[in-house]
Amino acid sequence: MELLEVSVRGIALDQERKHPVVLLKTEDEEDILPIWIGTAEATAIFSALAGRSFERPMTHDLLSIVVDVLGAVVERIEITGIHADTYFARIVLKRGEDVFYVDARPSDSIALAL
């Protein structure tokens with residue numbers, strides 16, 4: 001399976017469903033992948049994009065602290081599939097030569113990566 005590198009283009013609001021959507025784009029912006037997410041996750045992603053932080057750590061902040069304490073880094077996030085309109089992802093962590101794969105929701109993975 002070939003992986004395409006994408007970045008976060010931003011957060012939008014699906015006017016019909018009244019649900020936030022994170023938009024992932026390829027470098028040439030020819031392909032955009034919309035992933036519907038929850039409000040809390042949209043807030044976390046939007047805050048990370050804006051360089052804002054909260055007084056108390058959010059879930060992705062806590063996970064980032066744990067990754068750091070364990071001496072690992074987030075190598076990348078992979079969107080691994082879709083089933084029944086639900087996307088699946090995994091976080092790829094690296095510590096030295098060791099690589100770890102952690103299943104996670106795309107929205108949490110994106111917030112952590114940012």
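This is a predicted model: local features need pLDDT of at least 70, side-chain atom pairs count only at pLDDT 80 or more; totals for chains, interfaces and linings use all residues.
Trainee: What makes S1 and S2 a pair of strands, and in which sense do they run?

Mentor: Strand S1, residues 6-14, and S2 share 8 bridges in the antiparallel sense, and because two strands pair once there are at least two bridges between them, S1 and S2 qualify. The two strands form a hairpin with 4 residues between them, and in that turn lysine 18 has a positive phi of about 55°.

Trainee: How do you know that S2 also pairs with S3?

Mentor: The same test is applied: S2 and strand S3, residues 32-36, have 5 bridges in the antiparallel sense, where at least two are needed, so they pair as well. Valine 22 has isoleucine 35 in S3 as its bridge partner. Here too there is a hairpin, with 5 residues between S2 and S3, and glutamate 29 in the turn has a positive phi of about 60°.

Trainee: Why is glutamate 78 called buried?

Mentor: Glutamate 78, which lies in strand S4, residues 73-83, has a relative accessible area of 6%, and because buried means under 20%, the word applies to glutamate 78.

Trainee: What makes the approach of glutamate 78 and arginine 90 a polar contact?

Mentor: The contact joins their side chains at 2.6 Å, and since the limit for such a pair of N or O atoms is 3.5 Å, that distance falls within it. Leaving aside neighbours within four places in sequence, glutamate 78 is in contact with residues including Leu3, Phe88 and Val92.

Trainee: Which element gives the largest share of the lining of the largest pocket?

Mentor: S4 does, with 8 residues. That pocket holds about 620 Å³ of space, and of the 24 residues that line it, the closest to its centre are Leu4, Glu5, Val6, Ile77 and Ile79. By class, its lining has 14 nonpolar, 4 polar and 6 charged residues.

Note on methods: Residues are numbered from 1 along each chain as its sequence is written. Side-chain values use heavy atoms; hydrogens and water are left out. Buried means under 20% relative accessible area, exposed over 50%, partly exposed in between (1.4 Å probe, protein chains only). A polar contact is a pair of N or O atoms within 3.5 Å; within protein, one must be able to donate a hydrogen and the other to accept it, and residues adjacent in sequence count only if both atoms are side-chain atoms. Contact means heavy atoms within 4.5 Å. On a 1 Å grid over the protein atoms alone, a cavity is a set of points where a 1.4 Å probe fits but cannot get out, and a pocket is an open set with protein on both sides within 12 Å along at least five of seven lines; lining residues have an atom within 4 Å of a point. Grid points are joined across faces, edges and corners, and a volume is the space filled by probe spheres set on the points. Ala, Val, Leu, Ile, Met, Phe, Trp, Tyr, Cys and Pro count as nonpolar, Asp, Glu, Lys and Arg as charged, and the others, Gly among them, as polar.
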